[in-house]
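Visitor: Could you walk me through this complex, please?

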Amino acid sequence: MSSRPRVVVAMSGGVDSSVAAALLVEQGYDVVGMMMRLWSEDCGEGGANRCCTPDQMADARRIAAQLGIPFYVIDTQEIFRRTIVQFFIDRYAAAETPNPCLQCNRHIRFEWLLGHALASGADFLATGHYARVERAQDGRAHLLKGRDAAKDQSYALSMITQDRLRHALFPVGGYTKAEVRALAVARGLPVAAKHDSQDLCFLADGDYRRFLRQHAPGAARPGPILTRDGQQLGTHTGLLDYTIGQRKGLGISYSAPLYVLATDPARNALIVGTAGELGSRSLSAGHVNWIAGEPPAERFAADLKIRYKARPAPGTVTVLPDGGVQVDFAEPQRDITPGQGVVFYVGEECLGGGIIARSQ
Amino acid sequence: MQSIYLDHSATTPLDPRVLAAMQPYFAEYFGNSKAIHRAGHLAEAAIEGARATVARCLGCLPADVVFTSGGTESDNLALRGPAQYARVHDRPFTLITGPVEHAAVAATARQLRDTLGASLRVVPVDRTGRVNPDDLRAALRDLPANGIALVSLIHANNEIGTVSPVADYAAIAHEHGALFHTDAVQSPGHLALDMDGMGLDLLSLSSHKFYGPKGAGVLALRERVPYLSAQTGAGHEDGRRAGTHNTPGIVGTAAALEIACAGRAESAARLSTLRQRLIEGVLSAIPDAELTGDPADRLPGHASFAFRDVLSSTLLMHLDQRGIAASSGSACKSGNEQPSAILETLGFGPQWTRGGLRLSLGRSTTAADIAAVLDALPEAVAAVRRIAADVRSSAPA
């Protein structure tokens with residue numbers, strides 16, 4: 001047995017995970033490449049789906065060979081379909097807008113794949129995420145934003161628990177995307193600007209509405225478009241067709257521009273209103289994960305991201321007796337969406353996050 | 001890391017003695033066996049010597065031995081030769097085979113049905129993967145008049161190790177006027193082969209399965225077999241397989257077969273003992289594990305299992321990470337684990353058919369290797385099951 005620490009690197013064939021693997025090899029780790037084959041539509045041999053094509057597998061295999069590391073593809077289709085795709089369908093059926101990447105990073109990457117990594121004798125699981133882990137004196141791992149602010153992916157990692165993060169390595173998190181490309185070029189690794197990994201990797205065509213109509217027909221039932229005070233202005237085509245804050249495409253004329261304010265799943269209603277009615281100053285969230293294992297205080301100031309690409313907004317987080325949180329923003333937020341993650345930052349550090357239950 | 005190779009049914013390392021026998025025929029005695037000059041004579045002499053050796057090991061005549069590029073080609077020629085002969089002579093052709101044949105036979109049989117209109121009859125197997133003689137008799141009923149019929153059944157199954165009584169099958173085939181071919185690719189060095197004694201008409205071998213070179217094999221083909229070669233060209237091998245002789249491969253085949261046959265009884269006894277220890281250890285240490293294939297009448301060095309709720313490729317990855325090279329007999333490298341068609345045929349349910357494991361022992365295998373596997377395998381199976389159960393219980397929905 002080698003005395004060097006062993007690390008499994010999750011390879012996708014893309015530039016980020018390839019550079020991550022190369023850096024680990026150079027740093028002297030005993031590196032093993034693994035690729036998860038995830039369930040997706042249209043993903044048989046010769047299927048059209050972009051995230052799972054044999055091409056990417058062949059790329060990853062070639063890169064592993066170039067780096068001189070073993071490489072395995074691990075069949076993750078069944079567990080991914082059961083825990084991530086079904087979750088996505090179920091939450092939409094409940095009129096929420098889930099972020100399956102949060103769940104996937106928690107349960108598939110840092111539970112399933114990490115489990116296989118540890119079981120095969122590895123000490124660490126590395127991915128190509130733009131985020132950083134800092135290990136404190138007391139052994140606790142802290143999750144920091146990636147150095148490239150534009151590429152930071154800590155949001156998607158916010159639901160990982162402390163005992164998992166301890167085993168995480170993000171070798172490219174200290175670099176910008178441009179630097180990573182340069183590192184790839186310098187090592188003769190392919191940098192072909194293939195698509196960055198897409199959010200909903202299991203869709204054949206990226207059209208989640210089409211997918212949901214197929215798998216959660218209940219979420220595509222037409223229903224009333226109502227104002228806050230219950231006046232019906234028209235009929236919607238199914239709640240899944242709308243996003244909170246949306247203005248265009250409502251198909252109704254009104255004295256002032258109308259925005260989607262909320263959904264009312266009990267009545268299958270879409271609630272609309274004018275710009276003045278839009279936005280809330282607070283939200284409540286459940287399923288809260290504290291990366292440190294516990295909140296820093298019962299109440300603390302933080303920067304808050306309410307979706308992956310949202311700009312962080314200042315506010316206050318208050319821990320509730322049931323373990324959930326209430327978040328109060330300094331400024332009203334227009335697109336607080338139940339089912340999305342709200343992620344807490346203090347400076348560069350990601351403290352964790354929760355799943356938005358409702359705006360208030 | 002320790003390295004324990006338990007995939008001898010997939011391929012074996014070249015025996016150094018075989019390599020030494022082959023060595024002169026790459027560069028020194030490189031002549032074309034068909035050439036008039038002395039370099040050609042030297043090659044021809046080596047090939048004819050090899051042919052005599054192979055014939056002696058197989059219990060047939062030197063003239064029955066056709067050198068090929070391996071087991072797959074031998075199976076192809078064995079099935080296509082009689083089928084094409086029947087076609088050219090305008091006689092109906094019937095092919096009788098089983099559901100657990102190697103793909104080289106199964107896929108060829110399907111293609112002969114589709115291209116030459118062969119009538120294909122598939123005889124069922126029992127839970128061990130063996131054809132019941134009465135089922136074979138039933139399948140041989142009502143053969144077309146003036147037709148040619150060929151029965152092809154595997155001698156020892158590569159995935160599940162079951163050995164079939166091919167001498168009995170050959171006798172039944174002959175009673176019905178049919179020919180008998182067996183894919184004996186797994187047999188040399190493990191099972192006795194005697195074409196005369198067993199009444200075999202055609203037999204396929206692959207040299208790399210018995211410590212010979214890759215890219216070489218044998219089709220043993222009795223003179224009585226109606227045959228029109230599917231590999232045409234100049235008249236090599238008496239018109240039965242065209243193509244310049246692979247002299248080193250042929251010399252290596254004969255050297256390897258001779259060593260395998262000479263050491264067979266001793267090797268089989270040694271490997272059976274180790275295999276039995278392995279099987280008993282696995283079945284007692286791992287819950288929800290079943291032996292696949294026949295418990296007793298199986299290849300001496302072949303242990304195969306099915307594990308409930310395990311994906312073969314994942315298990316093989318963990319074994320490889322522990323320094324153990326194994327196979328499932330059907331696992332794929334692309335992470336898209338399909339059920340084993342053979343395990344399905346044997347009646348295993350969907351929770352078992354993607355969890356096959358094959359551990360095939362060979363000359364290098366030691367008692368310490370078996371102990372190491374019995375140490376690592378239960379842990380690996382448990383880990384694979386535990387990880388899936390953990391994610392299922394903690395994940396939403």
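Guide: One term to begin with: pLDDT is the predictor's confidence in each residue, from 0 to 100. This is a predicted model, in which local features need pLDDT of at least 70 and side-chain atom pairs count only at pLDDT 80 or more, while totals for chains, interfaces and linings use all residues. Residues are numbered from 1 along each chain as its sequence is written, and chains are lettered from A and ligands numbered from 1 in the order in which they are written.

Visitor: What pLDDT does chain B average?

Guide: In chain B, 98% of the residues score at least 70. For the complex, the predictor gives an ipTM of 0.89 and a pTM of 0.92. The chain B average is a pLDDT of 96.

Visitor: Which element gives the most to the side of chain A that touches chain B?

Guide: Contact here puts C-beta atoms, placed from the backbone, within 7 Å, and 22 residues of chain A meet 21 residues of chain B that way. Helices (H or I, at least four residues) and strands (E, at least two) are DSSP runs, numbered from the N terminus. Two or more residues come from each of helix 2 (54–67), strand 3 (71–75), helix 3 (77–93) and helix 4 (100–119) of chain A. With 7 residues, the one giving the most is helix 4 of chain A.

Visitor: How many Å separate the centres of domain 1 and domain 2 of chain B?

Guide: The bounds, from an automatic or database domain assignment, are 16–262 for domain 1 and 264–394 for domain 2 of chain B. Taken over C-alpha atoms, the separation of their centres is 30 Å.

Key. Two residues are in contact if their C-beta atoms, placed from the backbone, lie within 7 Å.
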